[in-house]
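Here are some notes for you to read alongside the coordinates.

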Amino acid sequence: MKRILVAGMGNVLRHDDGLGVEAAKRLSASGTLPEHVKVIEVGIGGIHLVQELMAGYDALIIIDALERGSAPGTLHVLEAEVPDLHTWSENQRGDFLADMHYTTPTKAMTLAKALGVLPPQVYLVGCQPAEVNEFGIGLSEHIEPRIGVITRAIEDLVYHLSKAPVEQRA
């Protein structure tokens, strides 16, 4: 059976940026995911995600606020394109690795790829936020009602990934 990691990312102190963490909490509490799926909240700690990936997974689903220029609350399910750190210059790598404790999903995935622990299948699931630039706790009125849509999209993706054959890591 495929091992799948679902990671909720985001800053809960910046309104809708915390939607990944909130969705992960609700998924964990729902009990709807199979035993081969692990759900974690990483907040803004990308190193925690990379360390968890070291346990070995066949697929990764990151839940996060996804700024794509669409209307607030628009659902996005994207297959991630992860840069290859080994093709960067020494200065680029140094700047990139300067502070990995507070990091974006892209930085965490890039580091995981460089370390050889990134699963072959990686997806981003979330929605266009309405409020991420102001400090505050709680999701906006545009995003709060969309958490159920996000969790159902993740359940569907888990079902699809669970039925597909296990791929080999590159």
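1. Burial first, since several points rest on it. A residue is called buried under 20% relative accessible area, exposed over 50%, and partly exposed in between, using a 1.4 Å probe and protein chains only. By that rule His 15 is buried, with a relative accessible area of 17%. His 15 sits in the loop between strand S1 (4-9) and H1, and it has a positive phi of about 50° although it is not a glycine.

2. Ground rules. This is a predicted model, in which local features need pLDDT of at least 70 and side-chain atom pairs count only at pLDDT 80 or more, while totals for chains, interfaces and linings use all residues. Residues are numbered from 1 along each chain as its sequence is written, and side-chain values use heavy atoms, with hydrogens and water left out.

3. Overall layout. The chain has five helices and five strands, taken as DSSP runs numbered from the N terminus (helices are H or I with at least four residues, strands are E with at least two). Along the sequence the order is β-α-β-α-β-β-α-α-β-α. Of the 170 residues, 48% count as buried. Contact means heavy atoms within 4.5 Å; among contacts between residues at least 6 apart in sequence, 80% join residues at least 24 apart.

4. Another residue of the S1-H1 loop. Asn 11 also has its place in the loop between S1 and H1. Is Asn 11 buried or exposed? Asn 11 counts as buried, because its relative accessibility is 12%. Leaving aside neighbours within four places in sequence, Asn 11 is in contact with Asp 17, Gly 18 and Ile 44.

5. H1 against H5. Two packed helices are described by the angle between their axes and the distance between the axes. Here the axes are lines fitted to C-alpha atoms, for helices over the stretch in contact, and angles run from 0 to 180 degrees between N-to-C directions. H1 and helix H5 (residues 147-163) pack at about 65°, with axes 10 Å apart. The contact is made by Leu 19, Glu 22, Ala 23, Arg 26, Leu 27 and Ser 30 of H1, and by Ile 147, Ile 150, Thr 151, Ile 154 and Glu 155 of H5. By class that gives six nonpolar, two polar and three charged residues, where Ala, Val, Leu, Ile, Met, Phe, Trp, Tyr, Cys and Pro are nonpolar, Asp, Glu, Lys and Arg are charged, and the others, Gly among them, are polar.

6. Thr 151 belongs to helix H5 and counts as buried at 12% relative accessibility.

7. H2 against H4. Helix H2 (residues 46-53) and H4 pack at an angle of about 35°, their axes 9 Å apart. Gly 46, Ile 47, Leu 49, Val 50 and Leu 53 in H2 meet Ala 108, Leu 111, Ala 112 and Leu 115 in H4. This contact has eight nonpolar, one polar and no charged residues. The buried residues of H4 are Pro 105, Ala 108, Met 109, Thr 110, Leu 111 and Ala 112. Just after H4, Gly 116 takes a positive phi of about 80°.

8. The largest pocket. On a 1 Å grid over the protein atoms alone, a pocket is an open set of points where a 1.4 Å probe fits, with protein on both sides within 12 Å along at least five of seven lines; lining residues have an atom within 4 Å of a point. The lining has 26 residues, with Asp 64, Ala 65, Leu 66, Thr 104 and Pro 105 nearest the centre. Strand S4 (75-79) and helix H4 (105-115) are the elements giving two or more residues to it, and H4 gives the largest share, three residues. By class, the lining has 12 nonpolar, seven polar and seven charged residues.

9. An exposed loop position. Glu 35 lies in the loop between helix H1 (19-30) and strand S2 (37-43), and counts as exposed at 86% relative accessibility. Glu 35 and Met 1 are 34 residues apart in sequence and 9.9 Å apart in space, C-alpha to C-alpha.
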